[in-house]
Amino acid sequence: MKSGDRERVLRADKRHLWHPYTAMARYIEETNPLVVARAAGSRLYDVDGRAYIDGNASWWTSLLGHNHPRLVEALRDQASALCHTSLAGVTHEAAALFAEELVRVAPPGLTRVFLSDNGSTAVEAAIKLCVQYWAQNGAPERTRFVSLKGAFHGETLGVSALGGMPEFRAPFEPLLFDCAHLASPADDLEVALGELERELEAHAARTAAIVLEPLVQGASGMRIYDKAYLVRARELADRFGVLLVLDEVFTGYGRTGPMWAADHASVVADVLCSAKGLSGGLLPFAATLTTERIFAGFLGSDSRAFFYGHTFAGNPLGARVAREVLAVYREEGILEQARPKARRLQEGFAKLARLDHVKNVRTLGMIAALDLAGGKGYLERSGWRVYEEALRRGAYVRPLGQVVYLTPPLNIPDTDLDELLEIVHASVLAVASG
Ligand SMILES: *Cc1c(COP(=O)(O)O)cnc(C)c1O
């Protein structure tokens with residue numbers, strides 16, 4: 001792409017494109033956005049050929065870096081044979097073998113794989129699965145859900161009911177189904193444990209499921225919590241006969257260290273949702289896994305079929321790439337590679353913790369986050385000043401309000417990681433002194 005193309009792109013963009021999670025008046029008037037032309041490894045390149053280290057792996061998806069040659073090759077290969085067919089009474093190699101290979105790396109007992117398009121649909125399918133399961137297995141009154149304050153489970157109206165970020169919920173509040181938003185263990189573990197137990201004691205008989213982001217509430221600011229909460233949630237779910245849904249859309253595929261965040265606590269969900277890293281950041285693709293017990297609840301007469309399915313469910317391109325992602329994890333030892341990198345990331349953030357205006361430094365696996373002193377919340381601007389400084393220095397570090405965080409690819413070269421950490425350090429300092 002030639003550099004003159006920048007103007008052409010921006011003219012069309014500002015006239016017609018509506019960007020996600022973007023205040024468009026400010027964007028149109030003030031923002032000089034990064035115009036990305038290509039990407040490779042841990043870097044994005046703009047139309048003028050400038051490189052930026054991708055500090056958040058493109059919204060947490062490119063766990064193997066951008067354009068991993070094996071993934072691109074798998075995509076090409078699949079595209080030349082079969083780009084799409086529905087999964088309605090039809091099957092194909094890519095989807096079937098992906099399901100088999102995913103089950104092999106999934107927590108024990110999760111042996112049934114339902115495919116969809118993205119993180120939101122993976123959770124939406126989980127909700128409908130739970131509700132329909134109870135409806136046709138003797139407990140139709142179980143329609144209430146339990147989630148956490150600060151939870152984020154995606155964008156559809158269904159999962160918006162589970163979401164506990166006030167900014168995102170507010171406009172839709174009158175339309176959302178019954179869901180209790182309990183105190184988060186990221187704020188106070190004891191309070192959260194008490195609230196969960198009291199909630200189930202009072203309402204278990206009409207509760208379908210507890211839905212959690214295991215160990216890290218990502219979108220509300222990389223809020224990390226104690227695994228004791230997950231262990232207790234599993235115990236209470238069993239005691240009260242409620243299902244446990246774990247949303248591993250962000251935390252899965254080794255983001256927190258082990259393959260699944262729930263592995264830290266040796267907890268197995270009844271339903272597990274996976275997306276983002278599942279397709280290596282190449283294509284929208286997602287999976288909702290469940291047990292033989294839940295699956296059996298949909299057998300019998302035809303009217304018991306799971307009434308859910310997107311047009312592109314099990315799309316062959318996505319499925320083939322997702323298979324190749326698993327092969328790369330196995331053959332390149334991605335989780336092992338990431339372990340020393342996670343320590344490097346942690347050490348880099350330990351240095352940042354010494355700065356006056358930095359608070360609450362926290363890390364888990366390949367996640368590191370800090371709060372800038374001052375105001376709090378998704379709409380807070382302080383993180384954006386660090387973003388601007390970092391962009392000037394060659395890194396893309398989109399914040400969450402006052403939270404500056406890094407979620408780089410798990411295989412980021414050490415030299416790139418060191419450079420990224422230096423840029424964040426310099427950018428935080430520049431904002432504090434500027
Ligand atoms: C990103 C995310 C989702 C939504 O995924 P999309 O692909 O954006 O629809 C759901 N749950 C969690 C925990 C996420 O981080």
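Leaving aside its neighbours within four places in sequence, which residues is Lys149 in contact with? Select Lys149 together with Gly164, His181, Leu182, Ala183, Ser184, Gln217 and Arg223, as these are its contacts beyond that range (contact means heavy atoms within 4.5 Å).

The model is predicted: local features need pLDDT of at least 70 and side-chain atom pairs pLDDT 80 or more, whereas totals for chains, interfaces and linings use all residues. Residues are numbered from 1 along each chain as its sequence is written, and side-chain values use heavy atoms, with hydrogens and water left out.

Remain at Lys149, which is placed in the loop between strand S5 (144-148) and helix H7 (157-162); helices (H or I, at least four residues) and strands (E, at least two) are DSSP runs numbered from the N terminus. Lys149 is partly exposed, at 44% relative accessible area (partly exposed lies between buried, under 20%, and exposed, over 50%, with a 1.4 Å probe and protein chains only).

Now select the ligand and the residues around it: Trp60, Asn118, Gly119, Ser120, Phe152, His153, Gly154, Glu213, Asp247, Val249, Phe250 and Lys276 (each has a heavy atom within 4 Å of the ligand).

Display the polar contacts, pairs of N or O atoms within 3.5 Å. A polar side-chain atom of Lys276 is 2.8 Å from a ligand oxygen. For Gly119, a polar backbone atom lies 2.8 Å from an oxygen of the ligand. At Asn118, a side-chain N or O atom is 3.3 Å from a ligand oxygen.

Terms used
Polar contact = N/O pair within 3.5 Å; in protein donor to acceptor, adjacent residues only side chain to side chain.
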